[in-house]
Amino acid sequence: MLAILKLLQSLVKTLHSDGTPGQLAAGIALGSALGLTPIANAHNLVIVLLLAMLNVSFASGLLGWAVFVPLGFMFDPLFHRLGRLLLVDAPALRPLWTAMDNVPGLALTNFNNTVVLGSVVTWLVLFVPIYFAARVGVVRYRETIGKKVMGSRFYKAFQASKIYNVYTLFRP
């Protein structure tokens, strides 16, 4: 229960942070890759490094991950079909896949897996629409709901819970 409270606190703090809507949206768009694609792949390590190194919101990246994980599982059959189309049913691309498989390190991307390839291609196609949708969502949230949330008892309770966070630091 405490973990859920901390996650909600982090989400509210992120949405009300000084970060620009673009920074939050870029974090969500990058984090969506972690949710849409199978997690144990080299490209997801690159995504985590980008979240840490770029001037984007890491917390919104985690939010994007959490939001897109159920969608990733739900669309796995479609990712498989797209990956199969690109890997098996497109003979013109076979030399590309063979060359990529022979490059040391590139084999760690698991692009020889239909679900991985289909989900990465889908994420690359959806990156820009996810970014702009998230940016619009953050702007609208801050203009409408955000102001109401900041004045609510619930938000004030979150602010007060920082005292509990300090208490947990000194608890044996």
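Student: Is serine 60 buried, partly exposed or exposed, and what is its relative accessible area?
Tutor: Please keep in mind that this is a predicted model. Buried means under 20% relative accessible area, and serine 60 falls under that cut-off, so it counts as buried, with a relative accessible area of 1%.

Student: Which residues does serine 60 contact, once its neighbours within four places in sequence are left aside?
Tutor: The serine belongs to helix 4, which spans residues 58-74. With those sequence neighbours set aside, the contacts of serine 60 are with Thr14, Gln23, Leu24, Gly27 and Ile28.

Student: Where does serine 32 lie, and which residues is it in contact with beyond its neighbours within four places in sequence?
Tutor: Serine 32 is found in helix 2, residues 21-36, and it is buried, with a relative accessible area of 0%. Leaving aside the neighbours within four places, serine 32 is in contact with Gly64, Trp65, Phe68, Trp123 and Ile130.

Student: How many helices and how many strands does the protein chain have?
Tutor: Read from the N terminus on, the elements of the chain run α-α-α-α-α-α-α-α-α. The count for the protein chain is therefore 9 helices and 0 strands.

Student: What share of the contacts with a separation of 6 or more is made by residues 24 or more positions apart?
Tutor: As background, buried residues make up 35% of the 172 residues in the protein chain. Among the contacts with a separation of 6 or more, the share that comes from residues 24 or more positions apart is 76%.

Student: At what angle do helix 2 and helix 7 pack, and how far apart are their axes?
Tutor: Two packed helices are described by the angle between their axes and the distance between the axes, so both values are needed. Helix 2 passes helix 7 in a right-handed crossing. The angle at which helix 2 and helix 7 pack is about 145 degrees, and their axes are 8 Å apart.

Student: How do the residues of the contact of helix 2 with helix 7 divide into nonpolar, polar and charged?
Tutor: On the side of helix 2 the contact includes Pro21, Ala25, Ile28 and Ser32, and on the side of helix 7 it includes Trp123, Ile130, Ala134 and Arg142. The residues of this contact of helix 2 with helix 7 divide into 16 nonpolar, 3 polar and 2 charged.

Student: What separates the C-alpha atoms of alanine 134 and proline 21?
Tutor: Alanine 134 is in helix 7, where it is buried, with a relative accessible area of 13%. Not counting residues up to four places away in sequence, alanine 134 touches Ala25 and Ile28. Although alanine 134 and proline 21 are 113 residues apart along the chain, their C-alpha atoms are separated by 8.1 Å.

Student: Is arginine 142 buried, partly exposed or exposed?
Tutor: Arginine 142, also in helix 7, touches Thr14, Leu15, Ser17, Gly19, Thr20, Pro21, Leu24 and Lys147, not counting residues up to four places away in sequence. Its C-alpha atom is separated by 7.5 Å from that of histidine 16, 126 residues apart along the chain. With a relative accessible area of 23%, arginine 142 is partly exposed.

Student: Which element gives the most residues to the largest nonpolar core?
Tutor: The largest nonpolar core has 17 residues, and Leu30, Ile47, Trp123 and Ile130 are among those with the most contacts inside it. The elements that give two or more residues to this core are helix 2, helix 3 (42-53) and helix 7. With 8 residues, the element that gives the most to this core is helix 2.

Student: Are helix 5 and helix 7 roughly parallel or roughly perpendicular to each other?
Tutor: The axes of helix 5 (residues 76-87) and helix 7 (residues 114-143) come within 6 Å and cross at roughly 100 degrees. Angles of 65 to 115 degrees count as roughly perpendicular, and helix 5 and helix 7 are therefore roughly perpendicular.

Conventions: Residues numbered from 1 in each chain as written. Predicted model: local features only at pLDDT ≥ 70, side-chain atom pairs only at ≥ 80, totals over all residues. Heavy atoms only, no water. Buried < 20%, exposed > 50% of the residue type's maximum accessible area, 1.4 Å probe, protein only. Contact = heavy atoms within 4.5 Å. Axes fitted to C-alpha atoms, helices over the stretch in contact; angles between N-to-C directions. Parallel < 35°, antiparallel > 145°, perpendicular 65-115°, else oblique. Core = buried A, V, L, I, M, F, W, Y, C linked by side-chain atoms within 4.5 Å. Left-handed = near helix turned anticlockwise from the far one by under 90°. Nonpolar A, V, L, I, M, F, W, Y, C, P; charged D, E, K, R; others polar.
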